[in-house]
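I opened the notebook to look up the overall fold and the cores. The entries follow in the order I took them.

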Amino acid sequence: MRQASVWARLLGVQGTIVEEVTGEEDEGGELGAVVVGVRLRKADAGRCGICRRRSSGYDRGEGRRRWRHLDLGTVRSFIEAEAPRVRCRDHGVVVGWVPWARHGAGHTRAFDDTAAWLAVRTAKSAVVELLRIGWRTVGRIITRVSAEATAGVDRFAGLRRIGIDEISYKRGHRYLTVVVDHDRGRLVWAAVGHDENSLHRFFDALGEERCAAITLISADAASWIANVVRERCEHAVLCMDPFHVVQWASRALDQVRREVWNAARRGGQRALARELKGARFALWKNPEDLTERQEAKLAMIEKTNYRLYRAYLLKEQLRQVFHLRGRRGCRLLDHWLAWAQRSRLPAFVKVARSIRTHRSSIDAALMHELSNARVEAINTRLRLLTRIAFGFRSPDALIALAMLSLAGHCPPLPDRR
Ligand SMILES: [Zn+2]
């Protein structure tokens, strides 16, 4: 192989002409960067950077430009080339298209895709350290990678059963509205805001024909969702998202735990108060996930505090309702409501009241056998992403990260198709 072809292959820029390779010294006089000068083939030159249409030349732009590329061994590398501007019929005067980088990017495509691939799969600190870039730069990279990935595909094809939810970010100060596909267990849409306007934007994007094809929509008890759904998808069945109903019970359980703990503290039962404080996770977790220690904790609560144990059993049985589903689930829910009503636990009496208010949409969720697991898994991962995305400046980067991670839009590593 000729040396220029070896370099082109090594950099993943086949089809581009490698003109020269130079080493640049760093401050210590060592090799700090490898700069690879390239030139476009005639067929690729003079195209619009946005639409790739052949366009007439405009000027030389800002002369030679550099794009940060993947490291070569242990050394940083850059691709350098002329970046002339063209005049596109649709896009006006823009920098011409280059095959190795996205329009307007300071990093190569291979670098962008690697950063996105890592951001989806590994810890923030690992991405930043491995690629030697700031987290905000990662945010900008995944925003453009996601924009390109979602532009080329029909995200809404075959959508029948969807879940609508809101999720908080910026430590609970801001919200996203998210839409998931129940059948494929994927995120399909996310946008800033949690009100009727933001949800209208989703149905606008979906279009009338596809709105009519939606058969079932799950959501929490929020009235803004119910209002918009009634208006835009009148034939769809609105189901109460089981996740939220179980969450009501989890919150009620936590309230009982706090009451019992406060009473123990005030009553001077210090040992009991300490035990109860440490029992939080044992009460929260699904019984099948408990560690031995947590199981022992629960057994202790059963013996020493039946009031709290009763609250725990109520939470668990409500979970069981959605596990059973169908008619058996509805029947168990009847029993549950009666039990909660006479439980003498005000927090659970309140949950029972909310369930009665929303009974028809809860029964709809049970009868349509709406599975909780997929949506719950997406919600859990989304919450994790909002924490990872905290350092990004704009919510667009959070949405981009969510689309790459949970909608299946993440590109493969360079050259691994
Ligand atoms: Zn164009």
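What radius of gyration does the chain have, and what would a compact globule of 417 residues have? I find 28 Å for the chain, while the globule would be near 22 Å. I took the radius over C-alpha atoms, and the globule rule is 2.2 Å times the number of residues to the power 0.38.

I note that this is a predicted model: local features need pLDDT of at least 70, side-chain atom pairs count only at pLDDT 80 or more, and totals for chains, interfaces and linings use all residues. Residues are numbered from 1 along each chain as its sequence is written.

I looked up the extent next. The C-alpha trace spans about 80 × 55 × 35 Å along its principal axes.

I list 17 helices and 12 strands in the chain. These are DSSP runs (helices H or I, at least four residues; strands E, at least two), numbered from the N terminus.

I then turned to the cores. A nonpolar core is a set of buried Ala, Val, Leu, Ile, Met, Phe, Trp, Tyr and Cys residues joined through C-beta atoms within 7 Å. Buried means 20 or more other C-beta atoms within 10 Å of the residue's own, with C-beta atoms placed from the backbone. Of the 417 residues, 35% count as buried.

The largest core has 89 residues; Ile142, Leu187, Leu401 and Ala402 touch the most other members. Helix 8 (residues 242–266) gives the largest share, 10 residues. Domain 2 (107–240 + 386–417) and domain 3 (242–368) both contribute, so this core lies between them. The domain bounds come from an automatic or database assignment.

Apart from this core I find another, of 19 residues, including Val13 and Ile79.

Technical notes:
Buried ≥ 20, exposed ≤ 12 C-beta atoms within 10 Å, placed from the backbone.
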